[in-house]
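Here is a quick tour for anyone opening this model for the first time. Take a look at the fold, then read on.

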Amino acid sequence: VAGNVGPALTARNARFLREFCGRESVPVHAGCERPLLRPAIAADHVHGESGLGPLQVSEPAAPLAAGHAVQFIVDTLLREPAGSVTLAVTGPMTNVALALRLAPDI
């Protein structure tokens with residue numbers, strides 16, 4: 001939520017980087033459209049219109065994975081053995097916060 005650019009470009013960038021790195025098996029789910037308690041703040045003035053600076057970004061071949069990121073977090077943490085999943089959160093933690101509200105036992 002509230003990455004370098006808006007949610008649509010952020011989702012595209014995640015899919016682009018997944019493809020660029022040859023990690024097509026890694027699912028990319030769209031998450032929340034905005035932070036919980038404040039307006040979204042973009043940094044396109046720093047990171048450029050694409051959100052990835054001067055990197056030439058193309059439309060990725062693979063679409064977003066089905067389902068919402070919050071539900072994916074919950075399902076993954078409930079399915080996998082305790083302590084075996086690491087969340088690498090690189091921005092505001094809205095999706096993690098909502099996952100914890102949805103399933104406090106995770």
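A pocket here is an open set of grid points with protein on both sides within 12 Å along at least five of seven lines, and a residue belongs to the lining if it has an atom within 4 Å of a point. Keep in mind that this is a predicted model.

With that in hand, start with the largest pocket, which has a volume of about 1200 Å³. Its lining is made up of 39 residues. Those lying nearest the centre are Ala14, His29, Ala88, Thr90 and Asn95. Sorted by class, the lining of the largest pocket comes to 24 nonpolar, 13 polar and two charged residues.

Which helices each supply at least two residues of that lining? They are α1, α3 (69-79) and α4 (94-102). Helix α1 gives the most, with seven residues.

The model has one aromatic pair by the rule used. Phenylalanine 16 and phenylalanine 20 form that pair, with 6.0 Å from centre to centre and 25° between the planes. The pair counts as stacked, because the cut-off for stacking is planes under 30 degrees apart.

| Residue | Relative accessibility | Class |
|---|---|---|
| Phenylalanine 16 | 7% | buried |
| Phenylalanine 20 | 59% | exposed |

Phenylalanine 16 counts as buried because its 7% falls under the 20% limit, while phenylalanine 20 counts as exposed because its 59% is over 50%.

Terms used:
Residues numbered from 1 in each chain as written. Predicted model: local features only at pLDDT ≥ 70, side-chain atom pairs only at ≥ 80, totals over all residues. Heavy atoms only, no water. Phe/Tyr/Trp six-rings, centres within 6.5 Å; stacked < 30°, edge-to-face > 60°. Buried < 20%, exposed > 50% of the residue type's maximum accessible area, 1.4 Å probe, protein only. 1 Å grid on protein atoms, 1.4 Å probe; cavity = no way out; pocket = protein on both sides within 12 Å on 5 of 7 lines; lining within 4 Å. Points joined across faces, edges and corners; volume = space filled by probe spheres on them. Helix = DSSP H or I, 4+ residues; strand = E, 2+ residues; numbered from the N terminus. Nonpolar A, V, L, I, M, F, W, Y, C, P; charged D, E, K, R; others polar.
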